[in-house]
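Dear colleague,

I am handing over the structure we spoke about, with a request that you read the notes below beside it. They go through what was found, region by region.

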Amino acid sequence: MKKLLFTLISVLVATGLFAVNADLVVPKAGADFVDFVPNGLEDEPIWSQIAPKYITKTFNDDPAPTVDGTYFKMFYTDEYIYLLVNVTDDVFNPLYMNMGEIKQEHIFDKVEVYFDINDVLKDGQGPAYVSGFMAKGHYQMAPGILEENVGSVFMPAGLLYGSLTGQVYVCYDIKTNDQGKYAGYIVEYQFPMYAFINDRSEEMDVESLKALPNGIGFDIIVVDNDKDGYGRKRAVWKNTGPDEPYNNMDNCAVITLGEGGASEKQIHMSETKVYPNPVKNVLTVEGDINKVVISTVTGQQIKVVENQTTIDFTDISSGFYFVETYQDSILKGTHKIIKK
């Protein structure tokens, strides 16, 4: 009976008869994708094919964080969920600079990622570790930034990570600007699907995650601590409160895994090319596309061009921009470029 029910739900989801109101449909990597281990650099070509999702909200009544331009990207394969968070920041204040306050790890610069992989998402629970127990099917991955882990891949371990402990590849790396000054950091994750276990103690896989009747609960918090007397300031993608997602994920976002077929976006390598980068006057775009969208790092669209392979950049100010390329409303690639 259980297998029959799971099969029925899978069919309904696949045929669109069982719709989930998702905040994000996570794209699937194409057959030409080769698994990689995170390195914190956003240099794998597949990341340039994925549109960024900006993290712009302030959590609850925290003071406003100074992380404008921070975004994340996600995709999946049949075995893994890949996540990248690119944090723009002005003051670096991680755990390893405050080891005397290690019990207050949560107040220093880092990223917190949350998942809820149960059938029922509105259950008033989160991944909190209370009285020796965790609410099953709820996950937080939020390792503090240690000096020995910067630039090195590691697997966070500990009671708070439940079945994800020692299973998830993570890597932080530091960003610098053109003057060599600190500009933020990037963190990459590789989550194995089998490491997620729901509240019925069932090991998940790609099909069972796709078949979840209400999607996957998900959110990201970026902790910003500028040593300015305000302590922890948090930027969040969706859940602005009042409850901490650690205690209650009911107000978090919902994501689903795209089918990867003709009706869903599937990421392939090198579908489009843009050059030169940096660009001064004219940007050339190659690929089977009919629309190009130029956006700032904060997500503001500044130019939309249709049915053209060259784009005039003389009227665009110097700085970083994203170039999204489309064919009949299907995203074919995202490229980060510099305007001189």
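Two strands are taken as paired if DSSP finds at least two bridges between them. With that in mind, please also remember that this is a predicted model.

By that criterion, strand β18, which covers residues 282-287, is joined to β21 by 3 bridges, and the two run antiparallel.

In the loop between β17 and β18 you will find Pro276, and the peptide bond that joins Tyr275 to Pro276 is cis, with an omega of about -5 degrees. In the loop between β20 (301-306) and β21 sits Asn307, which has a positive phi of about 55 degrees although it is not a glycine. Asn307 counts as exposed, because its relative accessibility is 64% and the cut-off for exposed is over 50%.

A cis peptide bond is also found between Gly241 and Pro242, where omega is about 5 degrees; Pro242 belongs to the loop between β14 (233-236) and β15 (253-257). A positive phi at a residue that is not a glycine is likewise seen at Ser201, with a value of about 65 degrees. Ser201 is placed in the loop between β12 (182-192) and α2 (206-210), and with a relative accessibility of 47% it counts as partly exposed.

Strand β12 also takes part in a hairpin with β11, with 5 residues between the two strands, and Gly180 in the turn has a positive phi of about 80 degrees. The strands β11 and β12 run antiparallel and are joined by 8 bridges; within this pairing, Thr176 stands opposite Tyr182 in β12.

The side chain of Asp226 is joined to that of Lys233 by a polar contact of 3.0 Å.

On the surface, finally, Tyr129, Leu159 and Leu160 form a nonpolar patch, and together they have about 280 Å² of accessible area. Of these residues, Leu159 is located in the loop between β10 (138-141) and β11 (169-176), and at 60% relative accessibility Leu159 counts as exposed.

Notes
Residues numbered from 1 in each chain as written. Predicted model: local features only at pLDDT ≥ 70, side-chain atom pairs only at ≥ 80, totals over all residues. Heavy atoms only, no water. Helix = DSSP H or I, 4+ residues; strand = E, 2+ residues; numbered from the N terminus. Buried < 20%, exposed > 50% of the residue type's maximum accessible area, 1.4 Å probe, protein only. Patch = residues over 30% accessible without salt bridge, like charges linked within 9 Å, V, L, I, M, F, W, Y side chains within 5 Å. Areas by Shrake-Rupley, 256 points an atom, 1.4 Å probe, with all protein chains shown as cover. Salt bridge = Lys/Arg side-chain N within 4 Å of Asp/Glu carboxyl O. Polar contact = N/O pair within 3.5 Å; in protein donor to acceptor, adjacent residues only side chain to side chain.
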